[in-house]
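User: I am new to this structure and would like to know what stands behind the words used for it. Please set each value against its definition.

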Amino acid sequence: MTAAVTTSRAEGGRLPALKALWRQTGFAPLLFVILLVINIAINPARFAPGAWGTLIGLAAPLIGAAIASAPAILGGRGGIDISVGPIMGFVNAIVVLVLVQKLGLTSPFVVVGSAILIGAAVGALNGFLATILRIQPIVATLGTYLLLVGTTLTILPAPTGTVPVWLKALGGPLSILPLGAVFLAWFLIRRLPYYDHLMAVGSDDRAAYTAGIPVTLVRFLSYVITGVFAGVAGLMMTALIGSADPAIGPTYTLIAISAVALGGVSLAGGRGGLVGAAIGAIDIFLLQSALTFFNFSTFVLQIAYGAILVIAIVLTALQDRWLGRAREGR
Amino acid sequence: MADVAAVLSVSGLSLKPGATPFDLSIRRGEIVGLAGLDGHGQDAFIETLAGLRAPVTGEVRAPLSGHAITSFRRAVASGIAYLPRDRRATGIFPSMSILDNFAIATVGRDRRLGLISRAERRKRYDYYRERLAIVAPDPSHPITTLSGGNQQKVLLARALAHKPDVLLLNDPTRGVDIATRRVLYAVFRELAQEGMALVVLSTEIEEALVLCDRILVFREQELAAPLEGDARSSERIIATMFGRAA
């Protein structure tokens, strides 16, 4: 560590945006392009511009779940929220069964408002358990997971119900709206001091503490954001399935975490972003779509997810090592 | 405590149970050195001043704001900035850029209409880059691309961005090359001239002698002797460190 490290490198200047994307998301965009080409080749009708609304609606819950999982993970020190899927299922049950069917409330403001409130409340509970009581996040959110799955099954033992027309449209022609809203919210968060604090806490919490960052508060809020996004993802799922189904929500948890890891978000925190998580989710969706086209069973699908995930993470680790070596070699 | 120029006052402080408590006040524009054999209390003392460690007895007070320093956040709010010793473990964020490493403690100041402005941040950084002569080609590169001395300057810039009244430096020149040290010494003197009070923990006696108006020598968790003026000599300091009367 001497002063000899000051010469700049010429190749760092070219295409800095692409380079930053590469550093942030790893191999997910590459995989995205390959899978997209394969999908368009084998099933042009499904990927035609006219079908985009339906297509995005189909992919939205997974993308939403992946985006929702990311903030808690970015906060570092084992931060993770495995209750994202059950939050989606719970929101689905409350919206369809309680709001629409029992109370007859179909106004977008009420429905969207309660989805966000439910998400925020569960997120705050998770945050309280994980950051203030300092229970290990995976255990704390496992507790919430079971709590929510049980509650959902109690109030909704079997699939039932219908959804208002506007909500149905959000799963079809207008499916870009909820996703767009989540991205806009994140774009604004990225411009707040909070985002820098979150990334710093995820990068190194001791250094964050000596830099005067309120570490606990920052982590707590990351769970609340995760909860809110999960609530919105629950709406996307409700829009897609058009009814209440207690079995679907929880299945999103693990696959969303796979998508996040695939998208280059480090599960150790402080590295990656929501765009990466979304690309990871789209990758999984495209893989799903291609394999289903060839009539592979869902069991084979799972094998494919697992294999892709492991390969992507190994490649990202290699990329890290390679980047690290290039840095030291300067 | 009638001293109007005091920016930090310590009363009845002891760093371990049973140690003799001491009073002290640190004035504007003064550079105070802390010396002692490793682990003899100077570390504990500077961390207590920063609110990172609770005193065993007594208290630290910032007369300007009138608050007792009971926590690190309170210290920051009272105009005290702290540069930690272990740069790798508690200083830099290795995965973040030079610019973000600089701004992280003061991100709120980059706001325009509530949102972060990169341009504003860049402007603040450029001021300190010039002032501290930070040699960094591109502030968007990871901080780990910098030399140790330049990393230290970025951390110093982070602390200075608070615009503190008191700057606590825990061994600021450890692992830093001679040229950078000279720059840092010049900056420290300049800051003191502008009225900032500096507390420098140093593991090198020569450094303390060159830099400080007053040197506090610690021994066995107690303030063994405050040496001022002509009393500051390396023999006196060494003798006090080892507990020999001089």
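User: What makes the radius of gyration of chain B agree with that of a compact globule?

Analyst: This is a predicted model, and the values are computed from it. For 246 residues, a compact globule would have a radius of gyration near 18 Å, and chain B has 18 Å, so the two agree. The C-alpha trace of chain B spans about 55 × 40 × 30 Å along its principal axes.

User: What share of chain B counts as buried?

Analyst: A residue is buried if 20 or more other C-beta atoms lie within 10 Å of its own. Of the 246 residues of chain B, 47% count as buried.

User: Which domains is chain B divided into, and how far apart are their centres?

Analyst: Domain 1 of chain B covers 1-79 + 164-246, and domain 2 covers 89-163. Their centres, taken over C-alpha atoms, are separated by 26 Å. Ten residues from domain 1 and ten residues from domain 2 take part in the contact. On the domain 1 side, helix 7 (residues 178-193) of chain B gives the largest share, three residues. That side has seven nonpolar, two polar and one charged residues.

User: Why are strand 6 and strand 12 of chain B called edge strands?

Analyst: The open sheet of chain B has six strands in the order 6-9-10-3-11-12, with mixed pairing. Two strands pair if DSSP finds at least two bridges between them. Strand 6 (80-83) and strand 12 (222-228) of chain B each pair on one side only, which makes them the edge strands.

User: How do you know that strand 3 and strand 10 of chain B pair?

Analyst: The requirement is at least two bridges. Four bridges join strand 3 (residues 31-36) to strand 10 (residues 197-201) of chain B, so the two strands pair, and they run parallel. Within this pair, B:Val32 stands opposite B:Val199 in strand 10 of chain B.

User: Which strands does helix 7 of chain B touch where it packs on the sheet?

Analyst: Helix 7 of chain B touches strand 3, strand 9 (166-170) and strand 10 of chain B, and its direction makes about 145° with that of strand 10. Helix 9 (residues 234-241) of chain B also packs on the sheet, touching strand 3, strand 11 (214-219) and strand 12 of chain B.

User: How many residues of chain A are in contact with chain B?

Analyst: Contact requires C-beta atoms within 7 Å. By that rule, 24 residues of chain A are in contact with 34 residues of chain B. Helix 9 of chain A gives the largest share of the chain A side, six residues.

Notes:
Residues numbered from 1 in each chain as written. Chains lettered and ligands numbered in written order. Predicted model: local features only at pLDDT ≥ 70, side-chain atom pairs only at ≥ 80, totals over all residues. Domains from an automatic or database assignment. Contact = placed C-beta atoms within 7 Å. Nonpolar A, V, L, I, M, F, W, Y, C, P; charged D, E, K, R; others polar. Rg over C-alpha atoms; globule rule 2.2 N^0.38 Å. Buried ≥ 20, exposed ≤ 12 C-beta atoms within 10 Å, placed from the backbone. Axes fitted to C-alpha atoms, helices over the stretch in contact; angles between N-to-C directions.
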